[in-house]
Amino acid sequence: MSNYWLMKSEPDTFSIDDLKRLKTSPWDGVRNYQARNFMKEMKKDDLVFFYHSSCSPPGIAGIAKISKEAYPDHTSWDPTHTYFDSKSTESNPKWVMVDVTFVEKWSSILTLAALKQSPALADMLLTKKGSRLSVMPITKNEWEYIITMLKNKRPLAGQIATYHQ
DNA sequence: GCCAACGTTGGC
DNA sequence: GCCAACGTTGGC
């Protein structure tokens with residue numbers, strides 16, 4: 001039984017197209033305890049909404065899956081790296097990352113504005129005012145509701161989603 | 001570019 | 001342990 005998640009990324013830094021090209025990538029640089037703790041709960045093959053933030057329009061751009069469970073984020077103890085944290089060491093790592101693998105890119109962004117218009121999604125952290133959490137759990141109901149929203153909007157580019165096993 | 005909301009830091 | 005100050009996130 002898999003779990004569902006949403007992960008935010010600024011497309012200028014790392015977009016769904018970057019993941020599509022790389023197929024698999026580490027999700028590094030998370031420096032927030034709540035987000036980190038959620039990453040530690042992730043299991044292989046969990047599904048992830050790939051969300052584009054700080055762009056126009058913000059929203060869900062596609063789907064990825066967890067291909068490697070949480071392991072130490074080596075960028076945290078690299079003093080030359082942007083994500084360096086002096087409190088994290090190789091012998092006592094403070095931060096973790098997971099690997100994510102591309103599943104599908106949607107033909108258009110499912111915008112935050114559209115998500116906010118759905119009463120069914122009012123309890124999501126994402127749609128709450130002031131919420132800045134970059135990694136969050138999604139309930140099965142929310143996941144399926146969002147997939148339905150997407151399908152009602154327009155067909156998927158290329159083949160239909162095949163991630164259901 | 002603005003700024004509200006939030007998380008973190010550090011003085012006391 | 002409180003809380004003011006600061007830095008960051010991220011929508012608009």
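Predicted model: local features only at pLDDT ≥ 70, side-chain atom pairs only at ≥ 80, totals over all residues.
**Reading a strand and a buried loop residue**

User: Where is Asp-73 found?

Analyst: Asp-73 is in the loop between strand E4 (59-72) and strand E5 (96-111).

User: Why does Asp-73 count as buried?

Analyst: The idea is to compare relative accessibility with a cut-off: buried means under 20%. Asp-73 has 0% relative accessibility, so it counts as buried.

User: OK, now strands. Which way do the side chains of E3 point?

Analyst: In a regular strand, side chains alternate between the two faces of the sheet. Here, Leu-47, Phe-49 and Tyr-51 point one way from E3, while Val-48, Phe-50 and His-52 point the other way.

User: And how many residues of E3 are buried?

Analyst: Six of the six, so to speak: strand E3 (residues 47-52) is mostly covered, with six of its six residues buried.

User: Which strands does E3 pair with, and are they parallel or antiparallel?

Analyst: Look at each partner in turn. Strand E1 (residues 4-9) runs parallel to E3, and six bridges join them. In that pair, Leu-6 stands opposite Phe-49 of E3. E4 pairs with E3 in the antiparallel sense, over six bridges. There, Tyr-51 stands opposite Ile-60 in E4.

User: What should I look for in the hairpin of E3 and E4?

Analyst: Check the residues between the strands: this hairpin has six of them. Then look at Ser-54, which takes a positive phi near 50°.

Note on methods:
Residues numbered from 1 in each chain as written. Chains lettered and ligands numbered in written order. Heavy atoms only, no water. Helix = DSSP H or I, 4+ residues; strand = E, 2+ residues; numbered from the N terminus. Buried < 20%, exposed > 50% of the residue type's maximum accessible area, 1.4 Å probe, protein only. Pairing = 2+ DSSP bridges.
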